[in-house]
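Have the sequence and the 3D view ready, and let's walk through this fold together.

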Amino acid sequence: TSNTIFITKFQKREENIWELETKFYLSVKLLTGTVQMASSFRCFLVLYFLLLSLYFTQISRAEEDIVEEGILYIDGFSPIAKIDEDFICATLDWWPPSKCDYGTCSWGNASLLNLDLSNKVFFNAIRAFSPLTIRLGGTLQDKLMYQTKYDKQPCTPFLRDDTELFKFTQGCLPLSRWDELNEFFKKTGAKVTFGLNTLNGKTIASDGRTALGDWDSSNAASLIRYTVSRGYIIHGWELGNELNGNGIGPAISADQYAYDVIALHKLVQDIYKGKDVVPLILAPGGIFDAIWFPKFINKASNSLQVVTHHIYSVGGGNDTNLVQKILEPSHLDEESKYLQNLQGILRNSGTSAVAWVGESGGVFNSGRNLVSNSFVSGFWYLDQIGMSATFDTKTYCRQTLVGGNYGLLNTTTFHPNPDYYGALLWHRLMGRNVLSAHFQGMKKLRSYAHCSKSSEGITLMLINMHGSTTVNISLSVTLANTNESPMLLQVTNDQNPRHGIEREEYHLTAKDGNLHSQTMLLNGKELNVDHFGRIPLLKPIRVNPSDPISIAPLSIVFVHIPTIQVPACSMSTRESM
């Protein structure tokens with residue numbers, strides 16, 4: 001058993017250390033006798049410390065060379081969830097350069113109002129997904145007005161003012177900029193959702209926290225009509241950002257929010273009447289609340305296609321323990337109860353609405369430099385993506401594509417940060433059908449399994465959060481559901497000729513082993529854009545299927561196994577869910 005293997009390896013390691021200690025003691029004793037004969041104390045000290053250095057070097061190597069075995073059990077009979085084809089999503093926000101957190105201003109020119117749409121790297125980074133879902137929105141969307149053809153007032157940007165809600169004045173989206181954005185998204189093939197200002201028409205109560213009154217939809221209606229008249233394709237219209245009581249802004253009651261969403265749904269149905277495709281209605285874009293969300297969903301279910309919620313589960317940008325939290329599975333597991341709770345609410349309500357993670361940056365208040373934009377961020381990000389998919393989350397939006405410290409792209413150069421490549425590999429390799437995966441072995445090994453995307457077989461995502469232990473993984477795959485013992489496919493060490501097709505592996509590690517590095521290695525090679533601004537090719541290594549899957553310490557590995565074909569990934573199963 002795997003436990004026996006672990007005990008044997010532990011005992012072997014203890015025996016090696018005991019042997020080193022014995023050799024060290026005998027050597028020192030021999031040297032002591034020699035020194036006494038030679039009466040050379042200085043020579044003794046030199047040799048003593050030399051041996052001491054060699055001893056601790058060997059001890060260190062013994063620690064580094066720990067290898068543990070484990071078994072990954074996969075249920076291949078039926079999927080446990082199904083994600084959207086374009087599950088990976090990223091956000092673009094409205095924050096201007098003067099947005100600062102903890103004394104650091106990390107947004108630069110990443111606002112939708114001044115983002116450089118001519119940058120080749122930015123264009124290619126989006127185009128590489130073909131398509132990438134992009135959510136336009138954020139805190140300041142609820143202070144944004146939209147220019148109309150008949151406006152006589154100047155369309156001014158957001159200005160810093162600490163006396164104002166969210167510490168910024170009201171801003172304005174010029175129609176010319178809306179045109180530029182839509183042309184850009186059309187060329188890149190992006191699928192866009194747009195967050196509307198739900199505070200328009202409301203007043204803030206004397207408590208400073210409660211937003212009262214109905215949503216004034218007139219300005220939003222003008223923007224939507226203009227969008228339709230220009231032939232711009234919007235995947236969905238979302239109402240509001242973190243206004244359900246758990247965010248940084250005012251709180252709107254669940255009943256009032258539902259009433260406003262019903263009004264948006266009616267508006268969109270009227271404007272898009274006769275069109276082949278009608279955009280989705282998304283809301284509320286808030287931090288999950290077990291009391292507020294059920295009330296809202298029950299009231300708005302007939303007018304709502306997507307329930308969006310936000311996750312910031314790692315901590316604040318000023319937290320000095322972020323890395324420890326990111327590498328602690330028990331901390332990462334805390335988010336599962338909210339994902340499970342929302343899944344249960346949707347199921348019990350009878351609604352056809354689905355769940356999206358509409359925004360997740362891990363570290364709130366713009367992230368943290370050399371954490372959110374470095375290799376270590378991938379351990380929470382890719383783990384949360386995998387976890388969200390198992391709870392039937394259809395789409396997952398990363399805060400941000402560019403902007404703040406948590407962007408998938410560098411705010412100045414647009415060159416990809418490490419998480420960009422992890423997201424791109426997920427998008428290309430992990431299919432829609434989610435499989436149940438359970439790893440029996442080291443607790444710091446996280447595992448997720450899907451049917452492969454655009455190819456046969458299954459794809460695994462394996463995350464080793466341990467700093468010094470390599471994990472060798474064998475697979476056990478259930479092929480059928482029976483009342484008796486399950487039919488199993490033991491994959492590793494299978495010498496059957498029909499399994500001779502090599503599997504493909506993508507090993508992601510940090511440059512020089514530095515978790516704070518902003519350079520990622522794929523199978524030992526640096527990933528960098530070329531001088532034309534093109535995203536590098538992501539090439540796998542090919543491995544004999546009889547070899548165990550080996551996951552190095554502090555690494556993330558995608559494994560495509562074309563030879564494992566299970567009922568959950570059959571064409572009929574893919575289409576029926």
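Buried means a relative accessible area under 20%, exposed means over 50%, and partly exposed is in between (1.4 Å probe, protein chains only). At 0% relative accessibility, Thr 198 therefore counts as buried.

A word on the origin of all this: you're looking at a predicted model, where local features need pLDDT of at least 70, side-chain atom pairs count only at pLDDT 80 or more, and totals for chains, interfaces and linings use all residues. Residues are numbered from 1 along each chain as its sequence is written, and side-chain values use heavy atoms, with hydrogens and water left out.

**The barrel**

Helices (H or I, at least four residues) and strands (E, at least two) are DSSP runs, numbered from the N terminus. Two strands pair if DSSP finds at least two bridges between them. With that in hand, how do eight strands close into a barrel? They follow the order 3-4-7-10-11-12-14-16, and the pairing is parallel. On average, neighbouring strands of this sheet are turned by 25° against each other, direction ignored. Axes here are lines fitted to C-alpha atoms, for helices over the stretch in contact, and angles run from 0 to 180 degrees between N-to-C directions.

Here are some of the pairings, each with a pair of residues that stand opposite each other:

| Strands | Bridges | Facing residues |
|---|---|---|
| strand 3 and strand 4 (residues 133–136) | four, parallel | Leu 92 and Leu 136 |
| strand 3 and strand 16 (residues 395–398) | three, parallel | Ile 88 and Tyr 396 |
| strand 14 (residues 354–360) and strand 16 | three, parallel | Ser 360 and Arg 398 |
| strand 11 and strand 12 | five, parallel | Leu 282 and Val 306 |

Zoom in on strand 3. Five of the five residues of this strand (residues 88–92) are buried, so it is largely enclosed by the rest of the structure. Ile 88, Ala 90 and Leu 92 sit on one side and Cys 89 and Thr 91 on the other, and both faces are covered. Strand 16 has both faces covered too: Thr 395 and Cys 397 are buried on one side, Tyr 396 and Arg 398 on the other.

Now pick out Cys 89, which lies in strand 3. Its relative accessibility is 0%, so Cys 89 counts as buried. In strand 16, its bridge partner is Cys 397. Which residues is Cys 89 in contact with, leaving aside its neighbours within four places in sequence? Contact means heavy atoms within 4.5 Å, and the list is Leu 132, Thr 133, Ile 134, Arg 135, Thr 395, Tyr 396, Cys 397 and Arg 398. His 427 is 338 residues away from Cys 89 along the chain, yet their C-alpha atoms are separated by 9.6 Å.

Strand 3, helix 3 and strand 4 make a right-handed β-α-β unit. A crossover is right-handed if, with the strands pointing away from the viewer, the path from the first strand over the helix to the second runs clockwise.

Helix 3 (residues 120–127) also meets helix 4 (residues 175–188): their axes come within 9 Å and cross at roughly 55°. That makes helix 3 oblique to helix 4 (angles under 35 degrees count as roughly parallel, over 145 as roughly antiparallel, 65 to 115 as roughly perpendicular and the rest as oblique). Helix 3 brings Phe 122, Phe 123, Ile 126 and Arg 127 to the contact, while helix 4 brings Phe 184, Lys 187 and Thr 188.

Beyond its neighbours within four places in sequence, its contacts include Asp 142, Trp 215, Leu 239 and Tyr 257.

Another loop, between strand 11 and helix 7, holds Phe 288. Is Phe 288 buried or exposed? Phe 288 is buried, with a relative accessible area of 9%. Among its contacts outside the four-place neighbourhood are Phe 293, His 310 and Tyr 338.

Helix 7 (residues 292–300) has these buried residues: Trp 292, Phe 293, Pro 294, Phe 296, Ile 297 and Ala 300. What covers them includes helix 6 (254–271), strand 11 (280–287), strand 12 (306–311) and helix 10 (336–349).
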